[in-house]
Each structure stands twice: as structure tokens, then as C-alpha cells.
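Biologist: I would like to learn how to read a structure, one feature at a time. Could you show it to me and take the features in turn?

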Amino acid sequence: MNATLNRNIPDRDAFLDRAYALYETFAKSLDVACKPGCSHCCTRDVTVTTLEAYRVFKALKENGNLALIRKVLADDQRRFQPVITTNQLAELCASDGETPPEDPPVSQNPCPLLDHGLCSIYAHRPFGCRCFVSASNCGENQFADVDPFVLTVNTIFMQFIEHMDTPGLFGNFSDVLGFLDSEPHRKTYESGCISKLPQGMVFNRPIPVLMIPPEDRDRIRPLLAGLQNLRSICSL
Ligand code: SF4
Ligand code: SF4
């Protein structure tokens, strides 16, 4: 993977837009139990890149809805904070390295952006929310029933999104939104010069190797070609 990185946020945002559309087409081909109002998966544990949260921030600002960010920041319940990114994990797996210990995402505290069981930022929700699908109702079974191939697809999309947002940050949705809520922080992100790592977040990394199990290689080829094509369309 070419490590030359484009810091232009509009180009990266155009990639994100198209990647979301590509994933939506894929998700429509799946037989899932997900439906509006089903929100057991909407917890405080969603993780995002700065690029995804920046899009949410911009949309809320344009709609005069920044009060929603205050709502997220006011909700100080326990949340999952990742210590490595997806691409760091890929790097460690490829080199037989040891993954650092991490608290599992177990808070189950509801996402503060839920409004009567519906997402109040649905059109702008991050990829971590888009890719959470289940073949049966999670509320009834107490777990998500996800085909291993879907997990591979989700991982690949996360690897590309992280790659596109290098340099940038990865963290809990609330933490990254809180970071971007500060104008000086926003400016450092926009200029591609975040020098100090904020607490609870990690720096994004370029893709070292794609995490595709041998049994998924043929099946994932069209989606992979689609993602590579988006990179060239968006000059990334
Ligand atoms: S992932 Fe589970 S909880 Fe979320 S919408 Fe689908 S079935 Fe409902
Ligand atoms: S942002 Fe929306 S879709 Fe994502 S967890 Fe919160 S309410 Fe659910």
C-alpha cells in the first residue's frame, strides 16, 4: 500500500462518503434482523477516526445542532477507550507481535445520541455504527450473530478508513468529538499537525497488510477493488 498520504480533508471526506455508500450496498445484500428502533447495539463504546467524527461535527454545526455535542460531552459514563488501532493490530498480527492488554467494550451504557430508540445523527453516523449488523435480534440473544465474512469486510473498511485518516486520531466517539469541539484542536487536525496525543486516543496508521483470511480472499475481491478504485477517484 502506498504510504504517501493526502492531508486534504475534503478529498478524504469524499472517500468516506463513497466508502459508506459502498458498504451500504454490501449491507443491503445481507439477511439481517436490524430495523429502525432496534438499538441494543447503540452503546457508549463506539470507536471512530477523527475523519468520521469531523463529518459529524461539521453536520451538527451546519444544522445549528451543536447542543447534541454538549449532550455527548455531559454524559461521563464509563466507555471503551482503545489502546491500539485496527492497522496497528494488523501490524502486530503480521509480525507475531503481542497485542497490548485492553479493557473489553462492556459498558453497555446507551449512546447519548439515542433519541427514543432512534439515532439523532443517523445520516452522519460513523462506520462503527454502520457495520454493526446481526442475523438475529441481539436483544433476544444477548449477542450479535455476525457471519465471519462480514467481520472480514468490516475490518477491511476500518483499515482503509484509518489509512485515509493518517495523520489523525482513533478513539471512543465521545472522546474524539470532544477533541474536535475545541477550535485549536480542530485546527491542528485540519492542518495535519496533531503533535500531542490526547488522553484515551491513539494515532492512526497506514495499512501495513490487509487482514483477510485465506478463505475470504476470492469473495472479498470485488469490494477490495471498489475501495482501491475510490482511493484513485479521490486522489488518495
Ligand atoms: S445489530 Fe443487533 S441491536 Fe443493532 S440493529 Fe441489528 S439486530 Fe438490532
Ligand atoms: S451514533 Fe447513532 S447509530 Fe451510533 S451508537 Fe449512537 S445512536 Fe447508535
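**Strands, helices and cysteines**

Modeller: In strand S4, Thr49 has Phe170 as its bridge partner. This is a predicted model, in which local features need pLDDT of at least 70 and side-chain atom pairs count only at pLDDT 80 or more, while totals for chains, interfaces and linings use all residues. Residues are numbered from 1 along each chain as its sequence is written, chains are lettered from A and ligands numbered from 1 in the order in which they are written, and side-chain values use heavy atoms, with hydrogens and water left out.

Biologist: In which sense do S1 and S4 pair, and over how many bridges?

Modeller: Two strands pair if DSSP finds at least two bridges between them. Helices (H or I, at least four residues) and strands (E, at least two) are DSSP runs, numbered from the N terminus. Here S1 (residues 47-49) and S4 (residues 169-172) pair in the antiparallel sense over three bridges. S4 is also joined to S5 (residues 202-203) by two bridges, again antiparallel, and Leu169 has Phe203 in S5 as its bridge partner.

Biologist: Is Thr152 buried or exposed?

Modeller: Buried means under 20% relative accessible area, exposed over 50%, and partly exposed in between (1.4 Å probe, protein chains only). Thr152 counts as buried because its relative accessibility is 6%. Thr152 lies in helix H7 (residues 148-164).

Biologist: Which residues does Thr152 touch?

Modeller: Contact means heavy atoms within 4.5 Å. Leaving out residues up to four places away in sequence, Thr152 touches Met211, Ile212, Pro213, Asp216 and Ile220. A polar contact is a pair of N or O atoms within 3.5 Å; within protein, one must be able to donate a hydrogen and the other to accept it, and residues adjacent in sequence count only if both atoms are side-chain atoms. The side chains of Thr152 and Asp216 make such a contact at 2.6 Å.

Biologist: What covers the buried residues of H4?

Modeller: The cover includes H7 and S5. The buried residues in H4 (residues 86-94) include Thr86, Asn87, Gln88 and Ala90. Just after H4, Asp96 takes a positive phi of about 55 degrees.

Biologist: How many disulfides does the structure hold?

Modeller: A disulfide is a covalent bond between the sulfur atoms of two cysteines. The cut-off used is a pair of cysteine sulfur atoms within 2.5 Å. The structure holds zero disulfides. Cys93 is in no disulfide, and the nearest cysteine sulfur, that of Cys131, is 18 Å away. Cys93 counts as partly exposed because its relative accessibility is 45%.
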